[in-house]
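Open the model in your viewer and keep the selection tool at hand. The tour goes from one selection to the next and says what is there.

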Amino acid sequence: MSTDRPTRAASPHVAEGTDAPRSGLPHLAVVGAGPAGLAAALVAAEQGVRVTVIDAAQEPGGQFYRQPAAGLGARRPQSLHHQWRTWQRLRDGLERHVSAGRVTHLPDHHVWCVERRSDDPRRFTVHALLGPDQEAPVEVRADAVLLATGGYEKVLPFPGWTLPGVVTAGGAQAMLKGGLVVSGGTAVVSGTGPLLLPVATGLAAAGVTVAALVESADPKALTRRAGALVGRADKLAEGAGYAVELLRRRVRTLMRHTVVEAHGSDRLVAVTVAALDAEGRVRPGTERRIPCDTLAVGHGMLPHTDLAEALGCRVESAGMRVWVDDEQRTDVPGVWAAGETTGIGGASLSLAEGHIAGRSAAACLQGRVPDPGEWAEAAKSREELRGFFAVLDAVYVPPTHWTEQVTDDTVVCRCEEVTAGAVRQAVGELGAGDVRTVKLLTRAGMGWCQGRMCGPAVAGIAGCAETVARRPFARPVPLGVLARAGEAGRTEDDDDATP
């Protein structure tokens, strides 16, 4: 990759490839360098396809394999991960293919759009913004695209959730893995979902006093579905390991409880938790106050589908995930998807899907008929894990009546500072019957995140169904970049192109 960085007014820089021979080699662009993207890139490169991996992070690995910066001098980074050997294989494989010229890795590249090329509709252009300022444009042109864009956290509002000291569960984990820091000395981990377990154990291992793990789901629901879980004894053992570690560290676990309010003026000083009844309502008289200076809260994950939506890929509105077939192909020719973008299921499922997608894409790009026998083992693991996480999805759901605890003065859309009361007024007094109308009347979802964070909350408070919002761009883009998108430049795969 060229080291020259264009200025804000420059034409789009088109990413340079390696010095390896390019003639006759099909080119696959992989968006995302997490478990799915890395697995896909490595297997495609092994099959003889030239691969460019485009990723927003400065280092590969995604959230799951997030590493502390080398300058922090972490003595035992492997202690932050329970699949360290798998990560080492992925890291070493990427370095080997990059050195051999089969893979180009473009870190710190924030993809905002993928589109078909106007001069050759069979091929694609990946548009990205370079660097922390995200203003310098870069283009990567390829014969096919594999989307491995991961997921993001679902967080539901409650009184006090905007206080400093309240972070998402994944945010607390990212701070610990990537920066070796924590946001306080005493924490409560709350919400629902499997992510809460590694977050709580990770914070405790780092020396934080975890005052409570507050889970709104009912553990008995898992035991009633034990038959559907026994096929993945490895995942059950993983969960049991976390539970044992929490017991060893004397972390209080409150099941069928939820945080109803966070307290403090300038920052968090305590939370109030309460028990839930069988219908998901707070049981009066069960409230208790727990002092803490950190609250790590999360209510599951949602897939990143923006790039797929802009390409016209089918997105299942019920599951808010990109539809794929048995080969991880979307319904748009030349586009594959793998990992959390096709449904939340953790790193192991992402690795299996990435392996299948990489093999299928490589075969199609080389004009071969994909052979499912080449990925039979990965397909078996994929089906088992999908079944496993389908059970978890049915159990780990937010309390049915969570909106009853959201007061009218609680901010719901943080970007535009829209309160729950404004949303309720839009529905009750102004006649809004869907999320789009609520957005037009209140500006909820019109801010920097474009409703990615507040969308589920606005829908829940408004009593509307969540819908897929098709956006042309996956992130904010400077107008100057849009004005110059597609201008002539040297392409990565066209050696005879005119600069």
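At what angle do helix α9 and helix α10 pack, and how far apart are their axes? Select residues 346-365 for α9 and residues 376-395 for α10: the angle is about 145 degrees, and the axes are 9 Å apart. Keep in mind that this is a predicted model. The crossing in which α9 passes α10 is left-handed.

Now show the side chains at this contact. On α9, select Gly346, Ser348, Leu349, Ala352, Glu353, His355 and Ile356. On α10, the partners are Ala378, Ala379, Ser381, Arg382, Leu385, Arg386 and Phe389. Colour the residues of this contact by class, and they split into 7 nonpolar, 4 polar and 3 charged.

From α1, the contact takes in Pro35, Ala36, Ala39, Ala40, Val43 and Ala44. From α9, it takes in Ala347, Ser350, Leu351, Gly354, His355, Gly358, Arg359 and Ala362. By class, the contact of α1 with α9 holds 9 nonpolar, 4 polar and 1 charged residues. His355 of α9 is listed in the contact with α1 and also in the contact with α10.

Leave the helices and turn to the aromatic rings. How many aromatic pairs does the structure hold? There are 4. For one of them, select phenylalanine 64 and tyrosine 65: the ring centres are 4.9 Å apart and the planes stand at 90 degrees, so the pair is edge-to-face, since planes over 60 degrees apart count as such. Go back to phenylalanine 388 and phenylalanine 389 for another edge-to-face pair, with 5.4 Å from centre to centre and 75 degrees between the planes.

Is tyrosine 65 buried or exposed? Tyrosine 65 is buried, with a relative accessible area of 0%. Phenylalanine 64 has 24% relative accessibility and counts as partly exposed.

Which residue lies over the face of phenylalanine 64? Select lysine 177, which lies 5.2 Å from the ring centre. For the last stop, select tryptophan 161 and arginine 414. Here arginine 414 lies over the face of tryptophan 161, at 5.0 Å from the ring centre.

Notes:
Residues numbered from 1 in each chain as written. Predicted model: local features only at pLDDT ≥ 70, side-chain atom pairs only at ≥ 80, totals over all residues. Heavy atoms only, no water. Phe/Tyr/Trp six-rings, centres within 6.5 Å; stacked < 30°, edge-to-face > 60°. Buried < 20%, exposed > 50% of the residue type's maximum accessible area, 1.4 Å probe, protein only. Lys NZ or Arg CZ within 6 Å of the ring centre and 35° of its normal. Axes fitted to C-alpha atoms, helices over the stretch in contact; angles between N-to-C directions. Helix = DSSP H or I, 4+ residues; strand = E, 2+ residues; numbered from the N terminus. Left-handed = near helix turned anticlockwise from the far one by under 90°. Contact = heavy atoms within 4.5 Å. Nonpolar A, V, L, I, M, F, W, Y, C, P; charged D, E, K, R; others polar.
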